[in-house]
Structures are given as C-alpha cells and as structure tokens.
Amino acid sequence: MTTNEGSVDNSLLKRLVKDDEKKVVNCRSSTDNIEGHKLRHGTDSFPNINERPVDDISIEFFYKPHSITLLLISIGAVIYFAFTRDTNNVEDNIWTGILCIIFFFLIISILTFPNGPFTRPHPVVWRLVFGCSVLYLMGLLFLLFQDYNTVRKIFVWIDPSLESFHIDMDKEYGVNCSEITIEKIWNHLDVFALAHFLGWTFKAILIRHLGILWAISVMWEVTEIAFAHLLPNFIECWWDAFILDVVVCNGLGIWVGLKICSLLEMREYKWVSIFDIESTTGKLKRAMLQFTPGSWTAVRWLDPTCTYMRFVALCQLVIFWQVSELNTFFLKHVYEFPPSHPFVVTRLILVGVIVAPSVRQYYMYATDPTCSRVGTQCWVYGAIMVTEALLCIKHGAALFERTQALNILLWLLCQSLVSVLCVYGCVLWHRYFETEKKPTTKQSIIQLGSNQLDMTHSSGDMVYTTKSMDILEKKQS
C-alpha cells in the first residue's frame, strides 16, 4: 500500500510540474507574440492577413458556403437573359457579354479568393473588392497593348459624350496671386476642397501616423510644383497651395482622421450576438454596427529599434503614395476626362477600397518579422500602380516629350531626401520622447504575471503545489 501511495503521489506531482511548465511556456509565448517575435522556427503570420478567419460567428447561415445555390442562381440568370433579350444590336450584345463575364468572374471571386485582413461587414465584401481589383488590373494590361486612338475609341464607345470633351491647355491657372480677397478664397472652397478634406481624413485613418502623413502632404505640394509644366492645373497660388491645401484641407483632414482613430482605439469592443438582444432597436443597432470595425489595433510603424528594412519600406510607402496620386491626374489628363466624370469617380472609389486592405497588409509585412510575404491584395495594388504609370507614359508620349529633366531629377532627389529625413526623424522621436517612462507591453505582462503569482500563492492550491514540489525534490534527491 505504501508503495502504491508513493507512486500515485509521484505521478500526481509530476503532472502538477508539467502543468506549471505549460503555463510558463504559454505566458512566454503570448509575450513574444505581442512583441512581434517569432514563436518558433517556420512560423508565418501571412495567413492571418491574407485569409483571416471570422471569429465568434453568431448567424451561421451567412457564413456557410452556399456554392450549389449560387451556381443554380447564376445559371438561371444567364439562361433568362440569354434567351429573352433582343440580339439585333451588335454593340449591345458585346456590352452585355462583357457584363456577363464580369458577373461570373465576381461570383468566382466570392467562392475562391482570400478574405484579406478584414472580415467586417462580411468577408464576401472584401473578396469582391479583390475580384474588382484583379479585373481592373486585367483591363489596364489590355489597354497597355493598344495604341492611344484605340483606347480613346473604347472610352468613347462606352460614353459617347467624351468625344466632344477636350482638355483646355490654354486655360490659365494661378493668376493674379497677389490679389487676395475673401470672395476669391471662398470660391476656392468648393466641392473639390471638401473632397480634398475627406480624402485626407481617409488617408489618416489608413496610415495613422502623424509624421508620415505630414511628409506625404508636404511632398505632394512639391510634386505639383515639379510637374506643373506638364499639368497646367497644378499651377496654384502660394496661398492656395500652402494655406488652403496643406494647412486647412490636409491639416484638418489629418487631425479629424487621427481623432477618429484615437476614439476607436479607446473604445471597448464587446460584440453580442444579435440573437441575445431582446429589443428591436438593439437588434437594428447591432446590425448597423456590423459595418464598423470588429476591433481596432493601434499601429506602430516605427520603434526605437527600427530595422533598416522597415526604414526602407516606409520611405517606399511615401514615394509610392506620390506615384499613385500622380496616376490619378495623369490618367485624367492623357485620356481627357472631366474631373467629375463617372470614370474618374469610380476609379477613386475603387482605389480607395483597394488601398484599405493593401495598407494593412503592407504594414504587417513591414513591421511583423514573422510575415515573410506581402499580402495578395497589396501585391495586386502594386501591379495596378505600376501599370497605370506605364499607361500614362506610353499613351502620353507627346505630353512627356515636354518634360523638363531637371525638374524631375530634383523632384526624385527631394522625394528621397524628405522621405529618409521624415522616417529617420520619426525614429528619433520614438526613441527619445515617446519611450521615456513608459513601460513596454512585455514589462506590463511580466508585472501582471508576478501580481497574479503573488495572489495565487495565498490560495490553498498554490500552497499545496509548492509543498508538493518540495516533496518531489526531496524524493528525487
């Protein structure tokens, strides 16, 4: 009996020791995970930003793959429109066939493409965004292998009103800058100023870093000066460029966007299933909140121990943002679109929703050492940005023949210099100002763990565990 009791006590003590070791390992693993270090060899956080799973599903119907139902509905719609519509108009037939191809491609996108880094309001939305971005890239690549007249005819075929519209190259911009009146300033605060403000609010919500945002804002005004000899609408009065644009529209938009981010960071996210809410008003409110973020993580582009690769990645982000903005104006100028044309507005909206997951994936790739690949949505947007630039250069050859090489070289030099100085200045700021007297996340967790250990020592279970470990050590010795 004594031997059996001793063996039972021995196995019990060993099990208790193993449990304690597991707790320590889990504590260390969670700490390392928060600090962004690799947990083990081969760990890769890429799947979490490329195919993020949905947590806490309350309405399972909306998250089940109804692939057979979707196939039957799609085939039924194709049969109906294929056999009931009039096919006498050749142009209408071509247009309908293109729309059918787009429709089926988006259906396939819903079924096969990755969710991306976001799951609100539903992963299907972001699969559709990814599908639209791939379609847009395919369209750009097709246009890249056509001549300018063919591309222009395609746009005129889609919208015949473009045939009569041409860019007025003789219109003067930025004249009489010394005559500053309230009426003149008020006339500049039009719908485009509002769009400017909203655009920078959106950019601030995406990037969430004051230094990088101000670097992009100031460098865009330098970009306008460098390319003003090619795009006349870039010519602005000094007070319009640096006061109305940089200080008022950009500055106010950045402040509002960062304020929204700080409010979302402080919010406590406790999501309740819609079935657990009794009132109708509560159910409607919960349904509307589905279109808000499921959680909000404070980004940290830089830290005091910033690596060279992260430094280069942030400099690239500032430059790539300028190129993407330039594409908007050059595409509009080369193919002669009015500023408020549906093509221009649709592209801006599409690029806006594509950039949201792209920036998140780029952030994870630049800051997370366990992420070894860039996300697919970010990759596609990079290809879109380069292809748009190639289109502008190829089909705007006559425009770029008037390029002043000195302006472009100075612009590239200024872009690189300001990007490096801005990022390096942010690193120094984080190193010497923001980290003083602020405990790190790891220190907080260790302190919390020690407090919990002290509290647990006062309980009977921990006393028993301590005594049992002492007995085990005596037996082993």
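Trainee: Which helix gives the most to the nonpolar patch?

Mentor: That is α4, with six residues, where a helix is a DSSP run of H or I of at least four residues, numbered from the N terminus. Bear in mind that this is a predicted model, in which local features need pLDDT of at least 70, side-chain atom pairs count only at pLDDT 80 or more, and totals for chains, interfaces and linings use all residues. Residues are numbered from 1 along each chain as its sequence is written, and side-chain values use heavy atoms, with hydrogens and water left out.

Trainee: Why is V90 called exposed?

Mentor: V90, which is found in helix α4, has 57% relative accessibility and therefore counts as exposed, since that word means over 50%, whereas buried means under 20% and partly exposed lies in between (1.4 Å probe, protein chains only).

Trainee: What makes the contact of D92 and R85 a salt bridge?

Mentor: A salt bridge needs a side-chain nitrogen of Lys or Arg within 4 Å of a carboxyl oxygen of Asp or Glu, and the side chains of D92 and R85 meet at 2.8 Å, N to O, so the pair qualifies.

Trainee: How do you know that E388 is buried?

Mentor: E388 has a relative accessible area of 2%, which is under 20%, so E388 is buried. Its side chain meets that of R347 in a salt bridge of 2.9 Å, N to O, and this pair links helix α14 to helix α13, 41 residues apart.

Key: Helix = DSSP H or I, 4+ residues; strand = E, 2+ residues; numbered from the N terminus.
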